[in-house]
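Open the model in your viewer and keep the selection tool at hand.

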Amino acid sequence: MTFDNLPMNANLKFAFLVIAKDSPKYNFLKTAQKITWVRDFKNVAPVYYVYGNGKFGKGSSEIFSSKPQPFNSPNFKAIESLETIKQDGFNLFCDSVDGWEEILPNTLSALSYLQENYDYDFVVRTNLSTYWNPSQTIQLLKSYTGQDVFAGPIIRHSDFPLIPGYAMVLSRTAIAKLLANLNLLESSVIDDVAISRAFHAISQPVIDIRVPWVTIKNYLILLKPKKYRDTTRANGIMRYEDLDTVPAVRCREDRSLGSLKLRMDVLHFLFIKFRMSMINLLK
């Protein structure tokens, strides 16, 4: 079996929605995705990158407001009309503020656009620092066929189940419910909190998915004999085989070299791609 010929259920239609930003750092991550896992989904599922254009000015630098605000901030104008979405190939452009506040309205605009123009059963909303495994993702989505789904790695259970924005799986029915309840979304909190809280308010069932993080330290620890290993992070991989058995891996890792800030995500993308290619070649 090769990645270009993955078994595909003819009734399973899904797409990826990647939150992106037009800057050298983020475009570098996008390129790394396109030559690794995005290529593996060729002829299987489209991968759309969604951008904001900053039309509504500069957003707030404070992510969490002390007082939740209703869904009426100017930065939500992007979803008032589908005409604000401009599609160029697999890139979607939204009217928005500039900064973290654009992520939620851009997500909602793009979900609404896909809902109106395509017939995907599922949309996987992710970001530029997550790697998706074709075989495991397809297997996961097949298991959800016909279900009303909001799924992802639950990272907090208090108050409401929080699904992080790097790995949200939404069925068409769940997307429709979210778009029909925009009044429940808060403009003063980060996107994944707002979306998870809104779904909780309408009693949407949530499914937990394991999406581990990887770091260079995590890899090095696993090279040691078990009895000499330090305790690894709770949500890290416990063995290298985890990379092949989960639908996605969170690859965000920031490093500093003096005043130079480095992102290790690309190295993780390339390592996972190489490992999966070797396994695939030996089958």
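Buried residues (under 20% relative accessible area, 1.4 Å probe, protein chains only) make up 52% of the 283 residues in the chain. This is a predicted model: local features need pLDDT of at least 70, side-chain atom pairs count only at pLDDT 80 or more, and totals for chains, interfaces and linings use all residues. Residues are numbered from 1 along each chain as its sequence is written, and side-chain values use heavy atoms, with hydrogens and water left out.

Colour by secondary structure. The chain shows nine helices and twelve strands; these are DSSP runs, helices being H or I with at least four residues and strands E with at least two, numbered from the N terminus.

Now select F14, F16, W37, Y144 and V169. They touch the most other members of the largest nonpolar core, which has 46 residues. Such a core is a set of buried Ala, Val, Leu, Ile, Met, Phe, Trp, Tyr and Cys residues joined through side-chain atoms within 4.5 Å.

Next, I85, I175, L178 and V193. They are included in a second, separate core of 36 residues.

Go back to V169. Which residues is V169 in contact with, leaving aside neighbours within four places in sequence? They are F122, V123, V124, L141, Y144, V149, F150, A151 and I209, with contact meaning heavy atoms within 4.5 Å.

Last stop: strand 11 (residues 254-257) and strand 12 (residues 260-263). They pair in the antiparallel sense over four bridges; pairing takes at least two DSSP bridges. L257 stands opposite L260 in strand 12. Two residues lie between the strands of this hairpin, and G258 takes a positive phi near 65°.

Conventions. Buried means under 20% relative accessible area, exposed over 50%, partly exposed in between (1.4 Å probe, protein chains only).
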